[in-house]
Amino acid sequence: MQLKFKKSLSNKDNHLILPIFEDKKQSKIPENIIALIESSKKNEDFSGKSSETHILTINEPGWPSKLVLLGLGKSKDFNNAVARESFATVVKKLKPQNVGNIIFNYTSELGSYGQAIAEGCALGDYHLGSYQTGKSEKKHKSSELKNLIYFNDKKVKTFEAGLNKGLLIGSGVNFVRDLVNSPSNILDVAEFAKHARSVAKKSKSKLKILTLKEIKKLKMGAIIAVNQGSNDGANLVTIEHKPRGAKGDPIILVGKGVLFDTGGYNLKPSNGIDTMHMDMAGAALVLGVMSLLNDLDIKKHVIGITPVTTNMVDANAIKPNDIITSYSGKTIQILNTDAEGRLILADALTYAQKKWPKNEAVINFATLTGACMVALGDRYAGLFGNDQKLIDSLKSSSERTDEGAWPLPIHDDYFEAMKDDMADLRNIDRGTSKLASASKAAAFLKHFIEDDTKWAHLDIAGTGFVNRPKKYDYQYATGYGVRLIIDFLENC
Ligand code: BES
Ligand code: ZN
Ligand code: ZN
């Protein structure tokens, strides 16, 4: 979607969205149109509650034939979340009518909400990839609308800057949704690498892809173990954004990239296994964030790392009880082959800290546990870490962006529970493995974090892929985390 501005309307414009507060009268528009709105309110066709929409057909010279009333709720309750949700709702409503553009009336109350408004429009415009035959087989585009147009008597610079930023971020989120929604036979290891390459190119970042051969040479035993049932190779992808003038040590983002998780010999049950192409939502989030940093002019040194593989069943696959040596040198007894995400993350976290021992923070994202989903549902990611300031700062970004994250604990005893009697570590607890399994997964990761590394882990199993979407989301992939991390990078 491109941003445009319009000073005057014409009958060629097929609609105009009028954002309306529950407790405010419209100004700036002709009296007879105001009267129409007031009578819709009187007839109780429209009250102005947030995200409420009502379409009026009018016959007014020089005006579009459709006026789309969009409720914004009470003005004192208006915020970014309401703006994002309301505009996403109206876009979803208009999209099936092939409107082409989204045109809305600007009023000064909207002035500082440009980013949220455009995010809502871009997110509401998402379009799931289609592999259906018979339709014109054009290349998939995750958004369909052409222009986002605001109608006002003059340009409003700061508002435009907000809108442009929101459109950019929205397209980054839609890119992540596309990756996460892709079936794993289509988004295989090579295809993921292609996307990483184009992200690096577009964002003028440095790219390094370690292939399975190099991963073996470096003795990244945990990635090798998860990958050994697969015939599709494995990659460790690193994208580095280091703009001129970047200050401070790098912030390192690490994302779990399991392109399909069968569970391995601890095979997943039929019910739910079909969604396991989403087990790379952490890696997709990292690519999405990296794709935006240059365009958003973020003057920070940021590194994105994603281990990428599938977790398969095969004669070569790891078996429960096998003992392997991770890249850190620590040995791990794999008591459950379905706890594979923490294994590939362990090696990726070691790689990150070996390569950049001086860093500002390491933050990882992973669809790590069903338990986190059970505890927090699809509205909060689990937020773990070893540094209160880092956790607080991620929590604040979560609140500002309406991408829920809720702190969960790592008890010292859970950290102890991940120590094995044969190997240094075990990948699941023995005996009480069902208890606090999201926290124990985090505890396992913590074993691979150096004492002086500030680290946080977001378990996005519940938020990355949903059946009951938020107003600005669609069923399946949400693109969760991009907005949160961009906000974090802008404010940390
Ligand atoms: N990818 C899954 C976690 C998951 C489950 C993500 C449901 C999204 C939806 C992960 O690899 C896994 O299988 N975890 C196990 C851990 C267990 C063996 C300790 C789980 O959560 O059951
Ligand atoms: Zn698993
Ligand atoms: Zn998994």
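Contact here means that heavy atoms lie within 4.5 Å. The structure is a predicted model, in which local features need pLDDT of at least 70 and side-chain atom pairs count only at pLDDT 80 or more, whereas totals for chains, interfaces and linings use all residues. Residues are numbered from 1 along each chain as its sequence is written, chains are lettered from A and ligands numbered from 1 in the order in which they are written, and side-chain values use heavy atoms, with hydrogens and water left out.

When residues up to four places away in sequence are not counted, Leu 123 touches Arg 84, Gly 170, Val 173, Asn 174, Arg 177, Tyr 472, Tyr 474 and Arg 483. Leu 123 has a relative accessible area of 1%, and is therefore buried, where buried means under 20% relative accessible area, exposed means over 50%, and partly exposed means in between, with a 1.4 Å probe and protein chains only. Asn 235, by contrast, is 112 residues away from Leu 123 along the chain, and the C-alpha atoms of the two are separated by 30 Å.

The metal sites come next. The zinc ion (ligand 3) is coordinated by Lys 256 (NZ), Asp 261 (OD), Asp 279 (OD) and Glu 340 (OE), at 1.9 to 2.4 Å; donors are N, O and S atoms within 2.8 Å of the metal (3.2 Å for Na, K and Ca), and water is not among the atoms, so sites may look incomplete. The angles among the 6 donor atoms of this zinc ion (ligand 3) run from 77 to 174°, and the site is octahedral. In this scheme, four donors count as tetrahedral if all angles lie between 85 and 135 degrees, while four count as square planar and six as octahedral if opposite donors are over 155 degrees apart and all others between 65 and 115, and anything else is irregular. Along the chain, the donors of the zinc ion (ligand 3) follow the spacing K-x4-D-x17-D-x60-E. Because Asp 261 lies in strand β10 and Glu 340 in the loop between β13 (331-334) and α10 (341-355), the pair ties together parts that are 79 residues apart in sequence. Asp 261 counts as buried because its relative accessibility is 3%, and Glu 340, with a relative accessible area of 1%, is buried.

What does Asp 261 bridge? Asp 261 bridges the zinc ion (ligand 2) and the zinc ion (ligand 3), which lie 3.2 Å apart. The zinc ion (ligand 2) is coordinated by Asp 261 (OD), Asp 338 (O), Asp 338 (OD) and Glu 340 (OE), at 2.0 to 2.2 Å. Here the 6 donor atoms make angles of 73 to 169°, and the site of the zinc ion (ligand 2) is irregular. Asp 261 in strand β10 and Asp 338 in the loop between β13 and α10 link distant parts of the chain, 77 residues apart. Asp 338 counts as partly exposed because its relative accessibility is 23%.

Side chains of opposite charge can pair when their charged atoms come close. A salt bridge is a side-chain nitrogen of Lys or Arg within 4 Å of a carboxyl oxygen of Asp or Glu, and by this rule the count comes to 29 salt bridges. One of them joins the side chains of Lys 471 and Glu 85 at 3.9 Å, N to O. Since Lys 471 lies in the loop between β19 (465-466) and β20 (476-477) and Glu 85 in helix α2 (residues 80-94), this pair ties together parts that are 386 residues apart in sequence.

Glu 119 forms a salt bridge with Arg 483, the closest N and O atoms being 3.7 Å apart. Glu 119 lies in helix α3 (residues 114-124) and Arg 483 in helix α15 (residues 482-491), so the pair ties together parts that are 364 residues apart in sequence. Glu 119 is buried, with a relative accessible area of 3%, and Arg 483 is buried, with a relative accessible area of 4%.

Technical notes. Helices (H or I, at least four residues) and strands (E, at least two) are DSSP runs, numbered from the N terminus.
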